[in-house]
Structures are given as C-alpha cells and as structure tokens.
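This report is written for a reader who is meeting the structure for the first time. Please keep the sequence and the model in view while reading.

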Amino acid sequence: MGTPARPQPIRSGLELGRQVRDRRLHLGLTQAQLAARAGLTQPSVSRLERGLGLGSLDQLVALLNALGLDLGLFERSSDLPRAPWEQG
C-alpha cells in the first residue's frame with residue numbers, strides 16, 4: 001500500500017468548488033444534506049460548488065468540517081509566488 005496522493009493546490013474558487021462537490025458526492029450527500037450538516041442553506045452550497053464563493057470564512061470552515069476536511073487542504077504549493085513579506 002503506497003502513500004496517498006496529495007491533493008492538487010487550489011488555485012481558484014472553481015477548483016475549491018469542484019473539490020467540495022467531489023467530496024460531497026463521495027460521502028453520498030445531497031447539497032441540502034451537506035447544508036444542514038454545516039448550518040448553511042442549499043443555495044450557499046450550490047454557489048460554492050459553482051465557484052461563486054461563500055459568504056464568510058466561518059461558513060467555509062463549517063462546510064469543510066461537515067465534509068471531514070480542514071483548512072490544511074490549503075497548503076501553499078512551492079510553485080506559487082511568495083508574498084513580499086515571505087521572501088527572504
């Protein structure tokens with residue numbers, strides 16, 4: 001048994017939405033079921049899955065928690081440019 005593949009870096013809201021949708025479907029949840037678990041509305045989940053964003057960071061955290069994920073999903077890729085304060 002090998003090491004599990006690392007998720008690809010998320011570079012856009014659309015990619016985040018696709019990963020959320022894929023995880024939701026893997027868990028066998030509808031958008032309404034996921035929304036209920038996260039304390040959100042079904043249209044909010046739909047907007048996120050289509051890459052249109054979510055209302056707040058708290059809502060994103062609630063959604064990720066409901067999917068069994070956390071913000072560790074957002075590790076910086078070494079090929080992304082560094083912010084000026086990160087350059088040494």
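## A glycine in a loop

Gly51 has its place in the loop between α3 and α4, in what is a predicted model. With a relative accessible area of 28%, Gly51 is partly exposed. Leaving aside its neighbours within four places in sequence, Gly51 is in contact with Gly13 and Leu14. The C-alpha atoms of Gly51 and Ser12 are separated by 7.7 Å, although these two residues lie 39 residues apart along the chain.

## The chain as a whole

Of its 88 residues, 28% count as buried. Among the contacts in the chain with a separation of 6 or more, 51% are accounted for by residues 24 or more positions apart.

## The two sides of α2

Helix α2 covers residues 31–38, and its buried residues are Gln31, Leu34, Ala35 and Ala38. Seen down the axis of α2, these buried residues fall within an arc of 100°, so they line one face of the helix. An α-helix has 3.6 residues a turn, so residues three or four places apart point the same way.

The buried residues of α2 pack against α1 (13–26), α3 (42–49) and α4. The face of α2 that is turned away from this buried side carries the exposed residues Ala36 and Arg37. After α2 comes Gly39, whose phi is positive, near 75°.

## How α2 meets α4

Two packed helices are described by the angle between their axes and the distance between the axes. For helix α2 and helix α4, the latter spanning residues 57–66, the packing angle is about 115° and the axes are 8 Å apart. That angle makes α2 roughly perpendicular to α4, and α2 passes α4 in a right-handed crossing.

Which residues of the two helices meet? From α2 these are Leu34, Arg37 and Ala38, and from α4 they are Ala62, Leu63 and Ala66. The residues of this contact divide into 5 nonpolar, no polar and 1 charged.

Terms used. Residues numbered from 1 in each chain as written. Predicted model: local features only at pLDDT ≥ 70, side-chain atom pairs only at ≥ 80, totals over all residues. Heavy atoms only, no water. Axes fitted to C-alpha atoms, helices over the stretch in contact; angles between N-to-C directions. Helix = DSSP H or I, 4+ residues; strand = E, 2+ residues; numbered from the N terminus. Parallel < 35°, antiparallel > 145°, perpendicular 65-115°, else oblique. Left-handed = near helix turned anticlockwise from the far one by under 90°. Contact = heavy atoms within 4.5 Å. Nonpolar A, V, L, I, M, F, W, Y, C, P; charged D, E, K, R; others polar. Buried < 20%, exposed > 50% of the residue type's maximum accessible area, 1.4 Å probe, protein only. Arc of directions from axis to C-beta.
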